[in-house]
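User: I have a model open and would like to go through it with you. Could you take me through the sheet, the helices and the side-chain contacts?

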Amino acid sequence: MTPAEAQRSDLVSLIVSRARAVGADAVLTFSEYAVVAVAEACEALGLAGAGDAAALARDKRLMRRTWREHGLSQPEFRAVTREADLHEAAGVLSFPLLLKAAWSAGSTAHQIIRSPQELSGAWHRSREVMAESAQLGYAELHVAEAQGHFVVEEIVTGTASDWFDEPGWGDYVSVEGAVADGTFHPVCLSGRMPTVEPFTERAGITPALLSQDAQDRVVALARQAVDALGLRDCGTHTEIKLGADGRMWLIETAARFGGAMTVPQIEDVFGLDLVGMLVDQLLGRPVHWPEQALTPAQARGAAGSLVVLAVDGDGEAWRERKIWDFPSVAKEVPLSRGSELSVVAESSLPDGQVVPVYDPAGGANTMAALCLLSATDARTVLRDFETLVDALPRVLPVAQPEEVSA
């Protein structure tokens with residue numbers, strides 16, 4: 001349904017009224033932008049949900065403050081609401097810095113700041129991107145002033161080679177899980193390809209190929225992070241940066257399941273219907289969550305999702321504008337035996353549209369498509385994604401000048 005303008009000003013009341021009208025026994029969301037509103041609505045309805053701590057897993061400023069109070073490993077940071085705050089923070093933090101919108105998703109409005117001379121430009125560009133995202137519908141739905149909230153933090157140095165046996169993996173992982181009656185249940189780990197500058201995610205792969213000891217250490221930090229936030233009943237997605245000599249830093253935790261195709265990847269690989277399990281949890285039915293995070297040894301194959309961006313494997317922009325055409329991709333890109341590639345239509349441009357120019361500040365807002373791949377193992381998913389990234393600028397049709405200007 002489309003709410004009237006008056007209803008838009010109070011999304012929680014709208015959710016509550018609709019839930020009562022249909023006699024809902026549970027309310028949940030898969031949108032980062034509605035997590036807080038749904039949690040507050042569940043509180044008002046007396047239904048199970050993430051609880052009144054949901055904002056701690058949404059507002060990056062509150063999240064980092066909470067983790068700091070618990071002494072958890074994370075980058076040094078400062079909250080920012082004005083340009084003057086950013087300049088003040090730069091005086092005590094060490095460059096390079098990362099400016100983030102506190103309520104964004106998909107790396108939107110993330111910018112690397114390498115010197116004091118770049119502070120003002122980064123501030124104005126990030127605010128501009130957040131305004132553009134709101135126009136596109138990618139913005140917090142409940143907190144009216146969210147567009148003006150930012151956090152700036154030091155950039156820690158990741159080292160994938162200390163954690164993975166082969167090259168090509170990104171230097172961070174995510175722990176997928178859930179909180180049930182206040183108890184954290186890790187489900188599995190997802191690996192990544194390296195991000196595109198500044199830190200836009202390109203691909204997530206299930207499972208992550210970490211050793212048992214490494215996985216246990218990562219899960220232990222994720223448990224501390226989730227426990228500190230005090231969530232009650234919800235999915236969770238915790239990202240952790242991996243450094244040299246076993247060092248780790250918390251990136252963020254969300255009070256929802258991982259985005260893109262993380263949930264269907266887990267169902268494909270481990271046979272777990274996380275959405276169904278969470279619904280049962282919210283309804284008070286018995287749920288058998290994994291006793292510990294599942295490992296690659298327990299996986300039946302592997303799966304991954306790839307965000308199509310107009311950049312090559314080195315992060316360089318494509319030399320020509322291209323037309324998105326999945327049939328050409330499926331026909332021309334050589335994948336491994338047993339691998340199956342599909343496109344997620346609802347998260348992709350229709351065939352025939354011009355691929356957007358990648359905007360580092362725009363992050364995932366400038367994606368062209370989302371592809372899903374299943375394969376025999378995680379190494380094969382990684383290698384096939386590398387092949388796909390390299391092949392895209394070659395196999396996609398060239399856009400004509402009139403198509404670009406249209």
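Predicted model: local features only at pLDDT ≥ 70, side-chain atom pairs only at ≥ 80, totals over all residues.

User: Sheet first, then: what is the order of the strands in the open sheet?

Analyst: The open sheet is formed by 8 strands in the order β9-β8-β5-β6-β7-β10-β12-β11, with antiparallel pairing. Strands are DSSP runs of E with at least two residues, helices are runs of H or I with at least four residues, and both are numbered from the N terminus; two strands pair if DSSP finds at least two bridges between them.

User: And which strands stand at the edges?

Analyst: Those are β9 and β11 (340–343), each with a single partner strand, so one side of each has no neighbour in the sheet. On average, neighbouring strands of this sheet are turned by 25° against each other, direction ignored; axes here are lines fitted to C-alpha atoms, for helices over the stretch in contact, and angles run from 0 to 180 degrees between N-to-C directions.

User: Is β9 mostly covered or mostly open?

Analyst: Strand β9 (residues 248–254) is mostly covered, with 6 of its 7 residues buried, where buried means under 20% relative accessible area, exposed means over 50%, and partly exposed lies in between (1.4 Å probe, protein chains only).

User: How many bridges join β8 to β9?

Analyst: The antiparallel strands β8 and β9 are joined by 6 bridges, and T238 stands opposite T253 in β9. The two strands form a hairpin with 5 residues between them, and D245 in the turn has a positive phi of about 55°. Elsewhere in the sheet, strand β6 (residues 183–192) and strand β7 (residues 203–206) pair in the antiparallel sense over 2 bridges, with R192 opposite G204 in β7.

User: Which helices lie across β10?

Analyst: Helix α8 (residues 262–270) lies across β5 (172–180), β6, β7, β10 (302–308) and β12 (369–375), and runs at about 160° to β10. Helix α11 (residues 378–395) lies across β7, β10, β11 and β12, running at about 20° to β10.

User: What covers the buried residues of α7?

Analyst: The cover includes α4 (60–69), β5, β6, β8 and β9, counting as contact any heavy atoms within 4.5 Å. Among the buried residues of α7 are A214, V218, L221, A225 and L229. The helix has 18 residues and reaches 26 Å from its first C-alpha to its last, close to the 26 Å expected at 1.5 Å a residue, where the expected span is 1.5 Å times one less than the number of residues. Just after α7, G230 takes a positive phi of about 75°.

User: Switching to charges, how many salt bridges does the structure hold?

Analyst: The structure holds 19 salt bridges, each being a side-chain nitrogen of Lys or Arg within 4 Å of a carboxyl oxygen of Asp or Glu. One of them joins the side chains of R232 and E43 at 2.5 Å, N to O. R232 lies in the loop between α7 (212–229) and β8 (234–242) and E43 in helix α3 (residues 35–45), so this pair ties together parts that are 189 residues apart in sequence.

User: Where do R61 and D59 fall, buried or exposed?

Analyst: R61 counts as buried at 11% relative accessibility, and D59 counts as buried at 1%; the two form a salt bridge whose closest N and O atoms are 2.6 Å apart. By contrast, R232 is partly exposed at 31%, and E43 is partly exposed at 34%.

User: What about D213 and R217, how many residues apart are they?

Analyst: D213 and R217 are 4 residues apart in helix α7, which separates them by about one helical turn, and the closest N and O atoms of their salt bridge are 3.2 Å apart. There is also a network in which salt bridges that share partners join R125, E128, E132 and D359.

User: Last topic, how many aromatic pairs are there?

Analyst: The structure holds 3 aromatic pairs, meaning rings of Phe, Tyr and Trp (its six-membered ring) with centres within 6.5 Å, where planes under 30 degrees apart count as stacked, over 60 as edge-to-face and the rest as tilted. F164 and W169 form a stacked pair, at 5.0 Å centre to centre with 10° between the planes. F164 is buried at 5% relative accessibility, and W169 is buried with a relative accessible area of 5%.

Key: Residues numbered from 1 in each chain as written. Heavy atoms only, no water.
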